[in-house]
Amino acid sequence: MSMRSHSFLDQCLGELQHFVKSVVLPAKNPMSVTPAHDMNEPELDATESKHVAGLMRVDHTGEICAQALYRGQAFVAKEHETRAHLHHAAEEEYNHLSWCETRLNDLDAKKSLLNPLWYVGSFSIGAVAGLISDKVSYGFVIETEKQVMRHLEAHLNELPAQDEKSRVILMQMYKDEQSHADEATLAGGVEFPLWAKLIMKAQSKVMTTLAYRI
């Protein structure tokens with residue numbers, strides 16, 4: 001007997017539930033524990049702590065956007081395999097979301113107040129990409145992950161030398177993002193034209209600038 005497919009209303013309710021899980025509730029029960037779970041807190045002065053908190057807030061918001069992008073793409077995916085792939089990637093990104101949130105808590109810092117806006121906007125962008133074709137959807141994953149990796153590289157260079165706790169988190173995130181990009185390439189993702197990459201880069205710049213402060 002085949003399983004009953006979910007109705008459009010069921011799917012909408014599921015996405016609303018995921019929005020609450022990612023944006024409203026504390027990020028709990030990731031598939032993998034944070035890589036820094038057994039590490040001591042580094043000694044940071046007030047300026048260093050504030051800067052690290054800003055970087056981790058940006059990374060946390062980036063994971064909010066990744067959740068929404070992948071869920072938006074999966075919501076309109078034409079093939080079941082594509083939908084399953086994107087949902088799995090979103091779950092792995094939830095690990096990162098939880099790790100970043102745990103680090104923010106360590107630093108007694110807050111998440112971005114604009115996260116609901118980032119989620120809704122990213123979900124919409126992901127849905128538009130997914131409506132074009134699954135290959136474009138995978139291409140969007142590739143370019144998104146490449147830009148995230150560049151942000152992580154910059155943040156790794158900006159971390160205080162003694163903050164190994166943040167460093168191991170970002171390094172594992174980098175490896176995972178590389179894996180997501182590679183998988184999307186193997187799945188047939190198309191390379192985006194330069195103008196599309198520049199638009200995505202500009203949008204990312206707005207997000208990182210605001211999330212660092214708010």
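Are Glu15 and Arg71 buried or exposed? In this predicted model, both Glu15 and Arg71 are buried. The legends below describe this pair and several other sites.

**View 1. A salt bridge joins Glu15 and Arg71.** The closest N and O atoms of Glu15 and Arg71 are 3.0 Å apart. Glu15 lies in helix α1 (residues 8-24) and Arg71 in helix α2, so that the pair links distant parts of the chain, 56 residues apart. The structure holds 11 salt bridges.

**View 2. Salt bridges with shared partners join Glu41, Arg103, Asp106, Asp163 and Lys165 into one network.** Glu41 pairs with Arg103, and their closest N and O atoms are 3.0 Å apart. Glu41 belongs to the loop between α1 and α2, whereas Arg103 belongs to helix α3, 62 residues apart. With a relative accessible area of 37%, Glu41 is partly exposed; Arg103, at 1%, is buried. In the salt bridge between Asp106 and Lys165, the closest N and O atoms are 3.4 Å apart. This pair connects helix α3, which holds Asp106, with helix α6, which holds Lys165, across 59 residues. Asp106 is partly exposed at a relative accessible area of 33%, and Lys165 is buried at 10%.

**View 3. Glu145 is buried yet has no salt bridge.** Glu145 is part of helix α5 (residues 134-158). The nearest side chain of opposite charge, that of Arg150, is 11 Å away. Apart from neighbours within four places in sequence, Glu145 is in contact with Tyr70, Glu93, Glu177, His180 and Ala181.

**View 4. The largest nonpolar core has 16 residues.** Met56, Leu107, Leu159, Ile169, Leu170 and Met173 have the most contacts inside this core. Two or more residues come from each of α2 (46-76), α3 (80-106), α5 and α6 (164-186), and α2 gives the most, with 4 residues. Leu159 touches Val52, Leu55, Ser166, Arg167 and Leu170, when residues up to four places away in sequence are not counted. A second, separate core of 12 residues includes Ile64, Ala68, Val76 and Tyr94.

**View 5. Leu113, Val206, Leu210 and Ile214 form a nonpolar patch on the surface.** Together, these four residues have about 350 Å² of accessible area. Ile214 is located in the segment after α7 (194-213).

How values were computed: Residues are numbered from 1 along each chain as its sequence is written. This is a predicted model: local features need pLDDT of at least 70, side-chain atom pairs count only at pLDDT 80 or more; totals for chains, interfaces and linings use all residues. Side-chain values use heavy atoms; hydrogens and water are left out. Patches are made of residues with over 30% relative accessible area and no salt bridge: like charges are joined within 9 Å, nonpolar side chains (Val, Leu, Ile, Met, Phe, Trp, Tyr) within 5 Å. Accessible areas come from the Shrake-Rupley method with a 1.4 Å probe; for residues, only the protein chains shown count as cover. Buried means under 20% relative accessible area, exposed over 50%, partly exposed in between (1.4 Å probe, protein chains only). Lys and Arg count as positive and Asp and Glu as negative; His and the chain ends are not counted. Contact means heavy atoms within 4.5 Å. A nonpolar core is a set of buried Ala, Val, Leu, Ile, Met, Phe, Trp, Tyr and Cys residues joined through side-chain atoms within 4.5 Å.
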